[in-house]
Amino acid sequence: MKFSKSLIHTYREAPADAEVISHNLLVRAGMIRKVTAGIYEYLPLGLKSLKKVENIIRNELNRAGCQEVLLPHLVPGELWKESDRWAKYGKELLRLSDRHGREYCFGPTHEETICDLVRHVVSSYKALPQNLYQIQTKFRDEIRPRFGLMRGREFLMKDGYSFHVDHEDLDREYKNMFATYKRIFERCGLTARAVDADTGAIGGKSSHEFMVIAQTGEDVVVYCSACDYAANLEKASCRTANVGAAQEISAVQEVHTPGLKTVDEVAAFLKIKPQQMIKTLVYKADQGFIVVCTAGDREVSEIKLQNIAKAEALRLATDEEVVSFTGVPVGFLGPVGLDACIRKTALGAQWWLVYDHSVKGIVEAATGANRADYHVVHVAVTRDLKLSEDNLVDVCNVIEGDPCPHCSSGQLKLTRGIEVGHIFKLGFRYSKPMKVTYLDNEGKEQPVVMGTYGIGVGRTMAASVEQNHDDKGIIWPRALAPFDVHLIQLDHTDAITQEAQKIYDALWGAGIEALWDDRDERAGVKFNDADLIGIPVQVIIGKRGLQKGTLEYKIRRTSQKGEAPLLGAVDIIAGLLNAAA
């Protein structure tokens, strides 16, 4: 492809709304263009990279025994009502009606549609297992689309679904997909890590996210310094520290703490560490209130709490609700004597008190005294609190340095990552309500067991940029680069143009894709554009080199430069590409 004939327009300045490097560089390199919030056009260079991601995914899935299908974008609303997601999914689901008033949605994911397909074409255990996938545009009406391709409203996604006779066969296929996903991201040239994850709106019993490690990532990845344990922050847990036997502790004593509400304020006043305090928070759930007690240096994970409570909705109670429920101002609540404070007439529903595991690690604590401007000290956790298996839960985020839950020697580390893939064991979540069944070998009807497997194709492309760039622009791994070689012609004499044409033709003839910058532009402009676009190897030909019978080259990732003879240059370039990959 010649640059002069291509739809490539680069920019020196970053777009005003760019918050992450991939958004900045993909727009500046002329690979994507914003149409409206969260919706982007892929221009020729960007589409080539996107297709390379797509082809790697397709190649590895086909190798793993999956079959490609293509499902409709518009899904009848009655299918989503069968699965009980029509009302629950929320405003992210784009709903619309046709001229007859029939309800549809633009599929953000296709569990319902694939279930409808399989229940009509699979009837016997002999037709199972099946693993079907598609690569298709999705739409989710994000409340705040941002980060370019990272959190768009319209996006390209690979979604796959497997169907099995039992959980054992699902486990087998889950391992197959786990290994397949690892190969996909390795072939894309990405440093990715599989982590335990929350199942979220998709449902199911267990899942893993595949995270590309990048400091600009939205997600927090937790991993062990000594073993293979890894999880996202919402799923990560730690081993409770063994604090040993409590020493003799004085009786609980009230301390006047006027106007001191926060953990840091009270800890400083009492001359203790925040982790020696018990923080008490009140949450409003579907069925009533949940009181959560944690160590003072911990933060409650609302996702963990919502899962534990099996609540449709969960939020922190307002100050007014806390006072109505307990009679105590926010900042002065504590677990000692809490029962006596609860105003059951104001509740109108149930309430629960739970302790995070971090409370077990405290020997002697300070906490709210359940009246304004007072806290209590000398609270002995084993003496003054009624901890039990029923009320001890893992409800807080881990912090750096926590002991690993899977090994005895490791400490938990935190880094940032970008989710590019997610696999789930769905079980019967969709097959039972949608009556996706098969006849077993005894002729009895059984529900199929399901798994689902997704990859954000555009996100994977953007994540590659987040992981592979410098202050000059993108540094594509060869597997995802729009071209292999960026041929830069510095002068425009007939002799140089003819030689550039020979090199260009020879490269393509050898299966090496080349972009030929044949523009009548200054050398500096061409070099800047080449670095910005980020093709793995740059090949430069000009008057000086032609006189010597050589060309120059530069490996984009390392900035290594050198010369090569024109005769046999293609073989040398091929070797450079292998080294640059």
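Reply: Asp531 is buried, with a relative accessible area of 7%; buried means under 20%, exposed over 50% and partly exposed in between, with a 1.4 Å probe and protein chains only. The model is a predicted one, in which local features need pLDDT of at least 70 and side-chain atom pairs count only at pLDDT 80 or more, while totals for chains, interfaces and linings use all residues. Residues are numbered from 1 along each chain as its sequence is written, and side-chain values use heavy atoms, with hydrogens and water left out.

The partner of Asp531 is Lys554, and their side chains form a salt bridge with an N to O distance of 3.0 Å. The term denotes a side-chain nitrogen of Lys or Arg within 4 Å of a carboxyl oxygen of Asp or Glu. Asp531 belongs to helix H13 (residues 523-533) and Lys554 to strand E30 (residues 550-555), so the bridge ties together parts that are 23 residues apart in sequence. Helices (H or I, at least four residues) and strands (E, at least two) are DSSP runs, numbered from the N terminus. Lys554 is buried as well, at 8% relative accessible area.

This pair belongs to a structure that holds 41 salt bridges. Another joins Glu299 and Lys279 at 3.8 Å, N to O. Here too, distant parts of the chain are linked, 20 residues apart: Glu299 is in the loop between strand E15 (288-295) and helix H7 (302-309), and Lys279 is in strand E14 (residues 277-285). Glu299 is exposed at 51% relative accessibility, whereas Lys279 is buried at 15%. Glu442 and Lys444 meet in a further bridge of 3.7 Å, N to O; Glu442 is exposed at 60% and Lys444 partly exposed at 47%. Arg12, Asp517, Arg519 and Asp529 are linked in a network of salt bridges.

The axes of helix H2 (residues 44-63) and helix H5 (residues 167-187) come within 10 Å and cross at roughly 150°. Axes are lines fitted to C-alpha atoms, for helices over the stretch in contact, and angles run from 0 to 180 degrees between N-to-C directions. H2 and H5 are therefore roughly antiparallel, where under 35 degrees counts as roughly parallel, over 145 as roughly antiparallel, 65 to 115 as roughly perpendicular and the rest as oblique. In this contact (heavy atoms within 4.5 Å), Ile56, Ile57, Asn59, Glu60, Leu61 and Arg63 of H2 meet Met177, Thr180, Arg183, Ile184 and Arg187 of H5. The contact residues comprise five nonpolar, two polar and four charged; Ala, Val, Leu, Ile, Met, Phe, Trp, Tyr, Cys and Pro count as nonpolar, Asp, Glu, Lys and Arg as charged, and the others, Gly among them, as polar.

H2 also packs with helix H11 (residues 457-467), at about 115° and with the axes 9 Å apart. H2 is thus roughly perpendicular to H11.

Most residues other than glycine have a negative phi, and most peptide bonds are trans. Leu128 and Pro129, however, are joined by a cis peptide bond with omega of about 5°. Phe147, not a glycine, has a positive phi of about 65°, and Phe147 is buried at 11% relative accessibility. Lys435 likewise has a positive phi, near 55°, but Lys435 is exposed at 63%.
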